[in-house]
Amino acid sequence: MSKFLPCANFESSTPILSHRPPTSSPLLIPPTANVIPLSSLNMKDTSVSSRYSRNNPLYPKRRPSPLGIAKSRKSQSPLTLSAVVAAAAAQRHSPRAAKMESMLQRRRELQLAALRREGILLEEEYREEIRYYMYEMERYTMGTTSSMDQQPEIKWQMRPCLVEFLVELHFTFRLRPETLYLTLNIVDRYVSRRIVYIKHYQLVGCAALWIAAKFEDAKERVPTVQELVHYCRDTYDESAFIQMEGHVLATIQWTLGHPTAEAWLRMMCCVPAVEEPKVQHVARFLMEITLFYREFVKFPSSSIALGSLTLARFLCGKGRRMFEETEECLQIVEHLDSRLSKHVNDLSETLIKKYSYAFYSKAATFVVQYYLQGGRFVRHVVLPLPMTPVRTSNSIVGTPMSVTTTASDLSDDMPSALSDDDKENFSSPKFEPVTNKHTENPPDQFLPHDFVQFGRQALHNLNVSPRAMVS
C-alpha cells in the first residue's frame, strides 16, 4: 500500500524550503500572510480517510484472501499484447512440472559435461547451420578416383601399404582420430591433381600427416621433421619434407577444413541419443577399414560415418534407424560386409592390433570373430503391396459378371482377344449367366463349401437360367 506524505502546515511561521533554484543559495518563503489557503482551491482531497472511506462506492471493501495474504491493489490498465505476453510468461508451473523440468535440465547438463570431458563440444544453437556447412564442404574437398586411376606409376595395390604405415605413425604419436582421416583426404586430393612417382609416395603421405597434425592436434604432439626422417629410415632429408609441405598446400589451395568421418561420427553418436562406447569403437574400426580400399574413396565422409555406424549397431545387436539410412549408406554397408565376409583374414595387422586393446573395447576381435563364425549383415527387404489377382481367359473357374458390371469396370490387364465361348467377359444389356461352361470338372478345392458337401447334383437345379425357372 502506497504511503502519502502529510500536507504541510502553512499556518506555521517557520519558513519552508521550496525547490532549489539554479543559484546555490536556498530560497526562503515568507510567512503565511500572502499564502492562498488550500480550502479555496478546487482540488481533490487525497486524505487517506476520504480515499478509502467505508461508504465510498468507488472503493468497495475488499474481501479477505482465503490464504490470509493481503495483496496490494494495482491500478488497472487496458490489456495490451505485451501485457498478455508478460502475464503468460509469469504463470507459475505446477510443482510436478517444475521438478520434471529441472531434472531434465540437470540430466542434460551432466550429459554435456561428460561429452566435454571427452573433447566433444555440442553447439546446439548453431547445429543445423554447422551441419549444412559440413555437407557443402565435404563435397568440395573430395578426391576423384577417375583422376587417381590415371597415375602412371601409383596403383591401387600400393594404397594399403601407405595407409598401414600412416596408421602406425599416427598411433605412435598419439594423434587425434581426425588427423588420420584428414591425412588421407589431403593425399587423395593431391594425387588427384599431381603426378606422383613411387619414390615420392611415402614422402607425400608423411607431409600430409605433418600438415594434418598441425591443423588438428596440439603443438606438443605434432611430430618434428627429425622424427619423420627417422621413421622413413633416412630415405628423405629434412629439406624434402619442408619443400613437399609447401607444394601440397599450394596444390590443395590451403583448404584444410575438410569435415572428416570422425567429425560426422561424433555428431551422429550424440544426436538423437548417445551411443554406447562399444558401438562407437566398432564404428571407428570399420571407418578405418574404409581408408584402405578404392571402392570407398568415392563416397563422402558423412556416408562413410553413417554406414559404419549402421553396421556397428547391427553387429552389437542394436536396433536400426531406418529413417536415417540412405542409399549411399546401404552401399557402404554392403561393401564392408562383403569384404569382411570374404577377406577378413587379409585385414591390416597394425589396424587389428590397434583395436584389440581394451581401450577400444576390443572392437577388432569382436568383428573378426563375428565374420569368422559366418555372420552376415541382413538387409530388411520392404515387402511390396499385395497385387490384385488378374482374371484371364484360361481360368478354370469362371465367375459371371454381375448386373452392375459395365465395360468401364474391366481392367486394362484383361486379355484383349476373347473367344466366343467366353461369354462372361462380354458386356451385354441382358443378364444371362453361363452354366456348365467348362467340360472338365473343377477340383474340389476351388468349389464353394456347400457344393463340396452336397455334391454336384445338390446344386444342379440352381445353375440354370432365371428365365428357365420362371417358365
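A charge sits over a ring if NZ of Lys or CZ of Arg is within 6 Å of the ring centre and within 35 degrees of the ring normal. The model on screen is predicted, and the tour starts with a contact that meets this definition.

**Stop 1: K278 and F366.** Select these two side chains. The charged end of K278 sits over the ring of F366, at 4.1 Å from the ring centre.

**Stop 2: helices 12 and 16.** Now show residues 277-289 as helix 12 and residues 363-372 as helix 16. Their axes come within 9 Å and cross at roughly 75 degrees. Angles of 65 to 115 degrees count as roughly perpendicular, and helix 12 and helix 16 are therefore roughly perpendicular to each other. To display the contact, select K278, H281, V282, F285 and L286 on helix 12, then A363, A364, F366 and V367 on helix 16. Sorted by class, this contact has seven nonpolar residues, one polar and one charged.

**Stop 3: S361.** Next, select S361 in the loop between helix 15 and helix 16. Its phi is near 60 degrees, a positive value in a residue other than glycine. Most residues other than glycine have a negative phi. S361 counts as partly exposed, at 28% relative accessibility.

**Stop 4: F171 and Y357.** The structure holds 10 aromatic pairs. One of them is F171 with Y357, a stacked pair with 6.3 Å from centre to centre and 20 degrees between the planes. F171 lies in helix 6 (residues 159-172) and Y357 in the loop between helix 15 (349-354) and helix 16, so the pair ties together parts that are 186 residues apart in sequence. F171 is partly exposed at 27% relative accessibility; Y357 is also partly exposed, with a relative accessible area of 40%.

**Stop 5: Y236 and F241.** Select Y236 and F241 for another ring geometry. The ring centres are 6.1 Å apart and the planes stand at 90 degrees, so this pair is edge-to-face. Y236 counts as buried at 10% relative accessibility, and F241 counts as buried at 0%.

**Stop 6: R174.** Move to the loop between helix 6 and helix 7 (177-193), where R174 is found. R174 has a positive phi of about 55 degrees, although it is not a glycine.

**Stop 7: R339 and Y293.** Finish with R339, whose charged end sits over the ring of Y293, 3.8 Å from the ring centre.

Terms used:
Residues are numbered from 1 along each chain as its sequence is written. This is a predicted model: local features need pLDDT of at least 70, side-chain atom pairs count only at pLDDT 80 or more; totals for chains, interfaces and linings use all residues. Side-chain values use heavy atoms; hydrogens and water are left out. Axes are lines fitted to C-alpha atoms, for helices over the stretch in contact, and angles run from 0 to 180 degrees between N-to-C directions. Helices (H or I, at least four residues) and strands (E, at least two) are DSSP runs, numbered from the N terminus. Angles under 35 degrees count as roughly parallel, over 145 as roughly antiparallel, 65 to 115 as roughly perpendicular and the rest as oblique. Contact means heavy atoms within 4.5 Å. Ala, Val, Leu, Ile, Met, Phe, Trp, Tyr, Cys and Pro count as nonpolar, Asp, Glu, Lys and Arg as charged, and the others, Gly among them, as polar. Rings of Phe, Tyr and Trp (its six-membered ring) pair if their centres lie within 6.5 Å; planes under 30 degrees apart count as stacked, over 60 as edge-to-face and the rest as tilted. Buried means under 20% relative accessible area, exposed over 50%, partly exposed in between (1.4 Å probe, protein chains only).
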